[in-house]
Amino acid sequence: MRRTTLFAFLMLSLLWGLNAAAQVAFVASEAPSNGAWNTDTHWYYVTLGGKYVTLDAADGNGLKLSITECPMNDKARWCLVGDNTSGYKFYNKSAGTDKVLGLTNIKHLASDNTDTYGGSKAQMYDATTESSSTDDTGIGTSFTYANGNAANSYYFKLSGTPKRYFNQRGDYFSYWADNEAVNNSGSTMLFYEATAQADYNTTLNQTNAFVAKYEQRANQVFSVPQSVIDTYKNSLPTGTITDYTAAKTQVEEALATFKSNVDAQWIRPEAGKYYTVQNAHNGRYMYAPISTGTQLNTLTSETKYKQFVWTFENGSTDGTYKMKNVGTEAYVAHTNNFVTSTTATDLNLTISSNQYDVAGAIGLTGEHFMHSNNTTSVIDGGDTWGASRWKIQEISQADYEALNAYDEKGIDNVFGIFPNVKDDAYNAAHTAFNKTPTEECMTAWLNTAAKNVESQVYRIQNGRGTYNVLSFNASGATILNESELKKAVNDLWKFKWNNNSSTFKLYNLNADKYLSTLPAWNTENTAALTDLAQAENFSVATYTAKNGFFVIIASDGKPINGEDNRAGFRVNNWDNTNDGGYSNVWKLLQANDIEVDMHAAGDGKTYATAYLPVSISAANAQVFVAEQPGETSVTMNETTTGVKELNGFLLVAAEGSNTATLTIGESNVTSHMTGTLTTLDLTAEDKSLYNVFGRKVEDGTTTTTVGFFTPSETLNSIDGNRGFFKGTKANALALNFGGQVTAISSAITNSANGKSCIYDLSGRRVTRVAKGGLYIVNGRKFIAK
């Protein structure tokens, strides 16, 4: 037999009256009398904002707007009585002749304090209720409409009001007091004829569309055979229809038979065979966590482990099944959700009425069927819900034997030993893996662990003596005195994970380099810092003989060794990891703060600049960042939210404050001040390009002015982690603190060669003067002669 295509099938639906469900212009009816409807009453299905207005959706608060498919019953049938001058009343066929639609007058919706009457709710009221349009009192029962731009579209408002239009507010039939309601989709009311012929056409269109979705999938896996679809088509009414009510029933029976035939195609599991259970909506596979009593879960990847494999046994009652996981040997039970258990709950396998391939629901009754939610859990859901349908697929014995249990590869032993790594995210990922030891969960745990390790900034303290902090200098890696632990930014390190391994590279933040291969302990060499390609790989292990300490082991199996002052503060390797002197064991200290020495300027304050490889989030001194420098000054803005890494800033504290403590953290605050992480040699540099922080004592006075000046002839280097300006072309920059500017007459006299220079009143240096002009020399004004 020639197969009918999906296109032809849908065209046939059009011929069967798809266009009969078009919206119409409503016709008013005569008012009911003596408890009976008038013989010319015109009934309509009505939508507001695309949702059907029906008493099926009413609750104790009012009519809800939630139904998008025509109910085709008396609770959804309405007639209108009246005219557009005096107003229309809405009658519902199910509610009877003595009830009309009415809305309360409540200005405010709880979540919206505007006067748009969003708190109003629609309900059925006594037909004798007088319509009221007052604020917050009375019931509105009479309505007039405005026509919209589209044909047969209506916008009803309460009679006697300028703009109190029907609208959906929250879930309810309500008002929107706004002229924008006209031509707004949420206030659009449409009418559809509610006749036996219209109901037949609507039913036929809906069932044809339903079956067409199966035919669309006819060539796909788990599809319905064409013969089942053809049986449905052959069961539909033919010829001229005279009894539309009977024809509608015939269509409904054809659909019921079709669903039954589809149900017969769904695989019914057999005892002794192995199956996977895949969600037909999202493709996720069901699996059982290892721990008994935990909720069933799903994964997107193909099954690789026995926790994905299921057997089915006959249930306690005919037609039911017990579902058992092969990997865990636990049954499926239902408590508040579906969980693993030593005892089984009898499960029903049933076809889902809204699914379009050969898949079905697994569960109990009502809304207690297995449902794959948006995360990974299997929860309760209705059997007609899209994600409540599953494909039960048999796997062969050979495929089953190829499945493996998963090995966690010691993630906790590699990453979990690092201090401050086991946060909530790490523990949650670890717990998820323990429940479901799959590759996906392992990867999630691994990525969380690696991210946590790499986010930590550590100081690495040796287990022996006072010279025990791992750092670097111009010669390479070195050991500092522990008293310098918080002041030497060179001692900040990170462990950078080598993907798909249990090793790390040791990265120094201030040097922006990695620790290289370790020299032997019996040489005079120390380890160098190098680029990524030449970096050594290290593993980290706990050192059981000294609580809280670790050994950091190079790829040759030898640990990092730190020599103290007796051996030149070198960093090398050691022959083994059992040194009783503890020079090869280390404590990993989270770096929380940095201390910066402050310097008195003679003006009642102390100052310092800083330029760091880490962001700071707070400080116990004032922190200022710079705007783009001008010709003679730079504006400094105070920040209380820290400074981003690699941005220069100025610290200001009260006199007597010798140290500022900076908290390492997060910040996005930037500055136009630059700087250097390591010592900057100026001997080969053009010093006129730089402005470094300093102070100037006014000649013949005790007045001190701070600013940024061109380096003097004797300044040949800038210390590491100091801020400065470069390329300003200014001899000096005064500081503008919120409008208070350090005296330019003081700042600009600090020239590199110490000679007196002439400036105009704007602070610009001049080489020639004009007679009668006003200028500044050595901080004093004079008139050129």
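Let's start with helix α4, residues 244–265: it has 22 residues and runs 32 Å from its first C-alpha to its last. That is close to the 32 Å expected at 1.5 Å a residue, where the expected span is 1.5 Å times one less than the number of residues. Helices here are DSSP runs of H or I, at least four residues, and strands are runs of E, at least two, numbered from the N terminus.

Before I go on, this is a predicted model: local features need pLDDT of at least 70, side-chain atom pairs count only at pLDDT 80 or more, and totals for chains, interfaces and linings use all residues. Residues are numbered from 1 along each chain as its sequence is written, and side-chain values use heavy atoms, with hydrogens and water left out.

Back to α4. Which of its residues are buried? They are Ala247, Lys248, Val251, Ala254, Leu255, Phe258 and Val262. Buried means under 20% relative accessible area, exposed means over 50%, and partly exposed is in between, with a 1.4 Å probe and protein chains only. Looking down the axis of α4, the buried residues sit within an arc of 120 degrees, so they line one face of the helix; the arc is taken from the directions from the helix axis to the C-beta atoms. As background, an α-helix has 3.6 residues a turn, so residues three or four places apart point the same way. Over on the other side of α4, Glu253 and Ala264 are exposed.

Who touches that helix? Take Thr203, which lies in helix α2, residues 196–216. Thr203 is buried, at 4% relative accessible area. Leaving aside neighbours within four places in sequence, Thr203 contacts Met72, Lys248, Val251 and Glu252, with contact meaning heavy atoms within 4.5 Å.

Now the cores. A nonpolar core is a set of buried Ala, Val, Leu, Ile, Met, Phe, Trp, Tyr and Cys residues joined through side-chain atoms within 4.5 Å. The largest one has 45 residues, and Phe415, Phe418 and Phe495 are among those with the most contacts inside it. Helix α8, residues 439–455, gives the most to this core, with seven residues. There's also a second, separate core of 27 residues, including Phe26, Phe90, Met124 and Phe173.
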